[in-house]
Amino acid sequence: MTTPTRDSIRHQVEQLVRAGDTKALREIRDQLRSKVDRRALQQRSRLYAHNPVGWVQERLRQIVWSKQREIMLSVRDHRRTAVRSCHGAGKSHTASLVASWWLDTHPPGEAFVVTSAPTFAQVRAILWRYIRRTHRRGKLAGRVNQTEWHIDDELVAFGRKPADHDESAFQGIHARYVLVILDEACGIPEQLWVAADALTTNADCRILAIGNPDSPSSHFRKVCVPGSGWHVIGISAFDTPNLTGEDVPEPVAQALVGREWVEEKAAEWGEDNPLYRSKVLGEFSEDAPNRVVRASDIAACRIDPETKLKAEDLEPVELGVDVGGGGDETVIRERRGRRAGREWRAHTDRPEKIAPLVLQAIMESGAGAVKVDSIGVGFGVIGELRNLASQGKHRARVVAVNVSEKASKPDKFKNLRAEIWWEVGRGLSERKGWDLSVMENGDTTVAQMLAPLWDVDAQGRIQVEPKDEIKKRLGRSPDNADALLLAFYNGGRTRVRWV
Ligand SMILES: Nc1ncnc2c1ncn2[C@@H]1O[C@H](COP(=O)(O)OP(=O)(O)OP(=O)(O)O)[C@@H](O)[C@H]1O
Ligand SMILES: [Mg+2]
């Protein structure tokens, strides 16, 4: 078959126009367009397949800061790249650029991108939101919907959240150039790493795993150790432009983590808190044996928000109230079955101000029980709540909990406080017995849950670091954590006085 010349095509088009054959005209237009596209693609591959940073600058007219460049070059040069990074460094943004560069510089049909994250909500709302934005701004080929990218009606990328145990999750992809992106990699179970690995065995394939190093027992941790065969990049907040002074355009600087946030977290969480190490330094911490609650346990206490919970899973609805005395905050925490929910706070130690706030929380949550720390000011709050109940203002049970009293297992625990921290804080975290994924004020509360240390007293009983000592060490009382513990505390009823 002879290749049509420019003149022969023009002649053919004129004939079709005269005949009014729009269908045939459209076919010719599509053929010409895809020919042009293919030529442009070849040129892009030549220019940018080995120059992802140039691709971002010239094709998208965007800039990437030094660590983002390092990530892009690592994906070019290494089959497996792991990025453990602080919060707000531009991880997910970079991952979206890598995905788009990959598809824009390889022929469709030969390249494929698979992305995953611990929950489908994260797949759709984080990485694919960025991919859609990059696709739109760069006027890249094809169509992108919620979690799929099609070019010439061919599927070239998708985001999935397969079942956790599904090792064959990504089977059936046979492209030569496969790129797998695992975002929020700490929450990705081992089987999916196996599935991702199986997809990327040939030398032209790549895996990019990127996330916050918040669980010391995760598979992500294993790939981040030297000798694992992964190229590992670490990003601390102290490496980012707002802290190093690296020159980036103002809108980029504004979007990235800033010095103020870093300083605030150092003060609020303490620099030896595992949350500080993970969110600020981008480093894993050890599960210290003397910490009451382990970082790896609490990081796993997340139910996928799209999981449909049965009505009984969301019962009982109860509140925990940590009453602030001496300038501390009063914190009220809601629990709905396994799920930790809303929080109400006030800076007052006056019972007549605190009780109306608790009443508001009872009304808003429909709680059937309120457990109040009865030491000091709490006693007055319990009295006020009892009055409100007798006036018919609410019908919640008011439960006084005095944590300085004897434990229900006095041979094992020094006091009730140690028992609650151990059995509720440590125990529920170990058993994934509570869901902290949608908890309001989550980071602050988790940081406080990770703060207390424990040891054994002269009688061999477990004791938990006193609140005053934690306060001295952190400069702040762990009120949010105490309210959470009370919200979930339902053991040792014999030790609880019913008001
Ligand atoms: N090079 C860049 N140019 C423009 N905007 C950027 C750039 N890098 C990051 N951003 C923006 O900075 C913000 C934070 O980026 P991103 O969400 O990727 O960070 P992250 O490290 O994944 O954060 P998180 O810790 O919340 O997961 C986003 O609004 C993102 O679009
Ligand atoms: Mg992210």
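Lys432 is partly exposed because its relative accessibility is 45%, where buried means under 20% relative accessible area, exposed over 50% and partly exposed in between, with a 1.4 Å probe and protein chains only. Lys432 has a positive phi of about 50° although it is not a glycine, and this residue is placed in the loop between α16 and α17 (442–449). Helices (H or I, at least four residues) and strands (E, at least two) are DSSP runs, numbered from the N terminus. The model is predicted, so local features need pLDDT of at least 70 and side-chain atom pairs count only at pLDDT 80 or more, whereas totals for chains, interfaces and linings use all residues. Residues are numbered from 1 along each chain as its sequence is written, chains are lettered from A and ligands numbered from 1 in the order in which they are written, and side-chain values use heavy atoms, with hydrogens and water left out.

A positive phi, near 50°, is also found at Lys139, a residue other than glycine. Lys139 belongs to the loop between α6 and β3 (143–144) and is exposed, because its relative accessible area is 72%. A further backbone feature concerns the peptide bond from Glu315 to Pro316, which is cis, with omega near -5°. Pro316 lies in the loop between α13 and β9 (317–322).

Two residues within secondary structure elements were examined for burial. Ser296, in helix α13 (residues 295–299), counts as buried because its relative accessibility is 6%. The side chain of Ser296 makes a polar contact of 2.4 Å with that of Asp287. A polar contact is a pair of N or O atoms within 3.5 Å; within protein, one must be able to donate a hydrogen and the other to accept it, and residues adjacent in sequence count only if both atoms are side-chain atoms. Leu208, in strand β7 (residues 206–211), is buried because its relative accessibility is 0%. Between the C-alpha atoms of Leu208 and Glu27, 181 residues apart along the chain, the separation is 39 Å.

Ligand 1 is surrounded by 16 residues, the closest being Ile63, Lys91, His93, Tyr130 and Arg133; a residue is near a molecule if one of its heavy atoms lies within 4 Å of it. This shell divides into seven nonpolar, six polar and three charged residues. Helices α5 (91–104), α6 (120–137) and α10 (250–255) each supply at least two residues of the shell, and α5 gives the most, with three. Backbone atoms also approach the ligand: a nitrogen atom of ligand 1 lies 2.8 Å from a backbone N or O atom of Ile63. An oxygen atom of the ligand is 3.0 Å from a backbone N or O atom of Gly88, and a polar backbone atom of Gly90 is 3.1 Å from an oxygen atom of ligand 1. Taken alone, ligand 1 exposes 630 Å², of which the protein buries 79%.

The second largest pocket holds about 590 Å³ of space. Its lining comprises 30 residues, with Asp373, Ile375, Val403, Arg417 and Lys467 nearest its centre. Elements giving two or more residues to this lining are α15 (377–390), α16 (416–430), β15 (462–464), α18 (467–474) and α19 (479–488). A pocket, on a 1 Å grid over the protein atoms alone, is an open set of points where a 1.4 Å probe fits, with protein on both sides within 12 Å along at least five of seven lines; lining residues have an atom within 4 Å of a point.

Key: Accessible areas come from the Shrake-Rupley method with a 1.4 Å probe; for residues, only the protein chains shown count as cover. Ala, Val, Leu, Ile, Met, Phe, Trp, Tyr, Cys and Pro count as nonpolar, Asp, Glu, Lys and Arg as charged, and the others, Gly among them, as polar. Grid points are joined across faces, edges and corners, and a volume is the space filled by probe spheres set on the points.
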